[in-house]
Amino acid sequence: MVRTRNLCVAAAVMAATLGAAAVPAQAAPAGAAKAAAACPTGWGSVDKTYTAGTSTPVRDARSGRHDCYDRLVVDVPGAPAAALGYSVRYVDALYQDGSGRLIPVGGGAILEVRVTAPAYDPQTGTSTYPARAGQPLPGVDVTGYRTFRDTRFAGSFEGDTQLGLGVRARLPFRVQRLDGRVVIDVAHSWNAAR
């Protein structure tokens, strides 16, 4: 009798499991997954620095838009991540290294981005990045970005390449070193909501 009762319970459990499995799954509404994902927090807006340097030259800069932040990438192909030094900080105004010339940068706040890599060939002095001091970064169009407002090339002096990044306001940011590039992400807001 105990054996029969156990078989009946087992059959009932299997029937319930199979019945539930036979019900087709329904997809969540398209916006539900997006709304559930939160943006990262905790980056802060204090100066961020990594001390290292390379003679491998800067070749390009590019930007991108993401759900939670806008991104600027400084390309230094061939440089290992460990050799890519940087200093990224909010400044009241952007002044060109060497000359002290004021470089106007649009936006509510200015991030000064320094990458410790030249924008020229150290052997010949020939430019490796086709930018001009005081001008927007070539090929970088931040029109329509939520956070970025302007970009400016300040120059490359004594192995440091200096850029200005105009942002909407003083917002949290992070800096990442990857092989061949330095990545600067500036959040769209201070909280975790998009």
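Contact here means heavy atoms within 4.5 Å. Keep that rule at hand for the whole tour.

This is a predicted model: local features need pLDDT of at least 70, side-chain atom pairs count only at pLDDT 80 or more, and totals for chains, interfaces and linings use all residues. Residues are numbered from 1 along each chain as its sequence is written, and side-chain values use heavy atoms, with hydrogens and water left out.

**Stop 1: the whole chain**

Show the cartoon. The chain has two helices and eleven strands. Helices (H or I, at least four residues) and strands (E, at least two) are DSSP runs, numbered from the N terminus. Follow the sequence and the pattern reads α-α-β-β-β-β-β-β-β-β-β-β-β. Of the 194 residues, 41% count as buried. Buried means under 20% relative accessible area, exposed over 50%, and partly exposed in between (1.4 Å probe, protein chains only). Take the contacts between residues at least 6 apart in sequence: 66% of them join residues at least 24 apart.

**Stop 2: glycine 107**

Select glycine 107. You are in the loop between strand E6 (102–103) and E7. Leave out residues up to four places away in sequence, and glycine 107 touches Arg149 and Val167. Glycine 107 and arginine 168 are 61 residues apart in sequence, yet 5.3 Å apart in space, C-alpha to C-alpha.

**Stop 3: aspartate 150**

Go to strand E8, the place of aspartate 150. Is aspartate 150 buried or exposed? Aspartate 150 has a relative accessible area of 11%, so it counts as buried. Its side chain makes a polar contact with the side chain of arginine 152, at 3.2 Å. A polar contact is a pair of N or O atoms within 3.5 Å; within protein, one must be able to donate a hydrogen and the other to accept it, and residues adjacent in sequence count only if both atoms are side-chain atoms. Set aside neighbours within four places in sequence, and the contacts of aspartate 150 include Pro104, Val105, Gly164 and Leu165.

**Stop 4: the nonpolar cores**

A nonpolar core is a set of buried Ala, Val, Leu, Ile, Met, Phe, Trp, Tyr and Cys residues joined through side-chain atoms within 4.5 Å. The largest one has 33 residues. Select Val76, Val88, Tyr90, Tyr129, Leu137, Phe148 and Val186: these have the most contacts inside it. Several strands each supply at least two residues of this core, among them strand E3 (69–75), strand E4 (86–91) and strand E11 (181–187). Which strand gives the largest share of this core? That is E7, with four residues.

A second, separate core has six residues, including Val91, Leu94, Ile103 and Val105.

Back to valine 88. Beyond residues up to four places away in sequence, valine 88 touches Asp47, Leu111, Phe173 and Ile184, among others.

**Stop 5: aromatic rings**

A search of the whole structure finds five aromatic pairs. Rings of Phe, Tyr and Trp (its six-membered ring) pair if their centres lie within 6.5 Å; planes under 30 degrees apart count as stacked, over 60 as edge-to-face and the rest as tilted. Select tyrosine 129 and phenylalanine 153. This pair is edge-to-face, with 5.8 Å centre to centre and 65° between the planes. The two residues are 24 apart: tyrosine 129 is in the loop between strand E7 (109–115) and strand E8 (148–157), and phenylalanine 153 is in E8. Tyrosine 129 is buried at 2% relative accessibility. Phenylalanine 153 is buried too, at 6%.

Next, look for arginines over rings. A charge sits over a ring if NZ of Lys or CZ of Arg is within 6 Å of the ring centre and within 35 degrees of the ring normal. The charged end of arginine 174 sits over the ring of tyrosine 69, 5.2 Å from its centre. For arginine 177 the ring is that of tyrosine 50, at 3.6 Å.

**Stop 6: the disulfide**

A disulfide is a pair of cysteine sulfur atoms within 2.5 Å. By this rule there is one. Select cysteine 39 and cysteine 68, joined S to S at 2.1 Å. The S-S torsion is about -80°, so the disulfide is left-handed. Cysteine 39 is buried at 8%, and cysteine 68 is buried at 12%.

**Stop 7: glutamate 158**

Finish in the loop between E8 and E9, at glutamate 158. Glutamate 158 is exposed, with a relative accessible area of 68%. Its phi is positive, about 50°, although it is not a glycine. Most residues other than glycine have a negative phi.
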